[in-house]
Amino acid sequence: MIDVSHISKRFGTMTALDDVSLAVPRGSVLGLLGHNGAGKTTLVSILATLTRPSSGRARVAGLDVTGRAEEVRRLIGLTGQYASVDETLPGRANLILLARLLGATRAEAAGRADELLELFDLTGAGRRNARNYSGGMRRRLDLAASLVGRPEVIFLDEPTTGLDPVARRGLWEIVERLVKDGTTVLLTTQYLEEADTLADSITVLAEGRVIASGTAAELKERVGRRSVSVTLRRAEDRARTVEALRRAALVPAHDEDGLVLTVPVADSTDIAVVVRAVDEAGTDMAGLAFSEPTLDDVYLALNHPTAAHHATAAATAATTGHPTEAGTSS
Amino acid sequence: MSITADHPRSPANAGTTTGSGAAPPRFRGSSALRQIQVLSGRSLRALREPALVLPGILEPILMLTVFSQVFRSVSQTQSFPAGVSYIDYLLPAFLITSAVSAGLKSGVALTTELNNGIVARFKSMPIHTGTILIGRSIADTVLNAVNMVVMLVAGALVFGYGPAGGVLGSLGALLVAVVLGWSLGWVFMALSAWLRKPEAMQPVGGMVNMVLLFASNAFVPTDGLPSWLRAFAEVNPMSHAITAARDLALGDPDAGTVLATFGICAVVVAVIAPLAIRNFRRAS
């Protein structure tokens, strides 16, 4: 459904995309994973016909995005922080406006607006100006706005950045239902957990290049950095605790001052194993945290230089025992 | 949250189908005419917000008050046409000056529009970029015409405006002003699509506005101006539009001047509009 072949994009001397190729089969979800500046948004704007590539070609539903942009625009929906709604209009009026522009009659437009408002839990806010919406409401309205014409392909550019966990999960559920209806989705994100939850396959972008692609499982296989970190109260407990953990077939590592033990694990059920081992050693624990692998771990695992750039943040998080940004449970 | 995993409906078919099995309509695009209609309607929504409309109406009335009192003595000078009251001389010119401000407002509104998220969305939709600008132009022209009618009525009721040309003459003057405002709107929209930032557009537009207005015969006859300024005022297209409007209102229309004004406006739009649309498409 989406077919990108050797796309490059240069802005002056800056190379935003460098020979990127990917394919998204009809009805599937591709997660485009990368830090800010990795080229995710540039790729989305090329596919959404807003930017022309410097070289290479891209097709949506078999239509070239530069040569047949007009037809491509009939099939796509775009949600990103740059493509949103008219803040001076109420939410409902925004949706009606878009439906009318897409060829719906007045009655159809009003009906479509109302069903989208209901679906996105915005019925009560429909007559309020969009500028007075909360962040989560705005994202839901943005997403609703891109669905007005019932597009076959949807581009979601960082749909949950800046949202709280509840709002994020709400948005995930909506995306999951879209996919169930056969919509093809290309989603960009900085969160490995988000790509893991929603995407059938993941492409990792760094500095405009594809550095990995595959299914979420394949990628996690390569990353494998779920870990439990145990923070000790006293350094002298360390040897005993390490010993106990090793007996439980775990491979702990510790930081410089020896107070934080990082234990790679397969999944969250291993937390119990860790706790039992620590208890067995009779150690006093100051803290315990479970960390999902983050995008930084992906870059590290793939040996990409971008990792060095971001590693400081990850290292700080590791030594202080706080799990890093994406995925926190304990 | 009503959004739950077992919600019976889904985004693609919510509401429109009730078990019939027929696929809900996908909306794939509309005609350019429909786009212009819907987009000008969107811009005209401003009419429902008094806070956005009142200043546009009050400002010219306020200026009318100030000018008609401060410059009243101009009508006693030698170069002033005999037998014409100052308000009858001034108001047709005011129609033109308010057309200039209306044009400037179109331009500033467009730069604001460039930063509005919905325009980026429009660009990813099957919508001609030109219809966004045409819609704005139509909406602003309608608003401008409404403002002018208010001004004429206020002039007649409060300031004793009653020129020799009668109602028909004044309506002719109004038509000239509306056409001029429409044409200048495109000039300022082209300028704004090129400058892109409201904070850049405002001062540049303000300067152009001031030069065009004050170096003209809007407020005083050009005969009374110093020679260098008179030379400019006489070639200033604004002076021609003002002369055309004024002659119509005063009941002494010159078909040549009126037609020339319409002609110049049409040519300006024909040349500038494609440029404005092209620049707007590129700006993001």
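The C-alpha centres of domain 1 and domain 2 of chain A lie 35 Å apart. Domain 1 covers residues 2-221 and domain 2 covers residues 225-329, with bounds taken from an automatic or database domain assignment. The model is a predicted one, in which local features need pLDDT of at least 70, side-chain atom pairs count only at pLDDT 80 or more, and totals for chains, interfaces and linings use all residues. Residues are numbered from 1 along each chain as its sequence is written, chains are lettered from A and ligands numbered from 1 in written order, and side-chain values use heavy atoms, without hydrogens and water.

Strands (E, at least two residues) and helices (H or I, at least four) are DSSP runs, numbered from the N terminus.

What are the partners of S8(A)? Strand S3 (residues 29-33) of chain A runs parallel to S8(A) and is joined to it by five bridges, with A:Leu32 opposite A:Thr188. Strand S7 (residues 153-157) of chain A also pairs with S8(A) in the parallel sense, over five bridges, and A:Val153 stands opposite A:Thr184. Two strands count as paired if DSSP finds at least two bridges between them.

Chain A also holds an open sheet of four strands, in the order S2-S1-S4-S5, with antiparallel pairing. Its edge strands, S2 (14-24) and S5 (63-64), each pair on one side only. Strand S4 (residues 55-60) meets S5(A) over two bridges in the antiparallel sense, where A:Val60 stands opposite A:Leu63.

Turning to chain B, there are ten helices and zero strands. Its C-alpha trace spans about 85 × 40 × 35 Å along its principal axes. Of the 284 residues in chain B, 50% are buried. Among contacts (heavy atoms within 4.5 Å) in chain B with a separation of 6 or more, 78% come from residues 24 or more positions apart. Chain B exposes about 13000 Å², of which carbon and sulfur atoms supply 67%, as computed by the Shrake-Rupley method with a 1.4 Å probe.

Methods: Buried means under 20% relative accessible area, exposed over 50%, partly exposed in between (1.4 Å probe, protein chains only).
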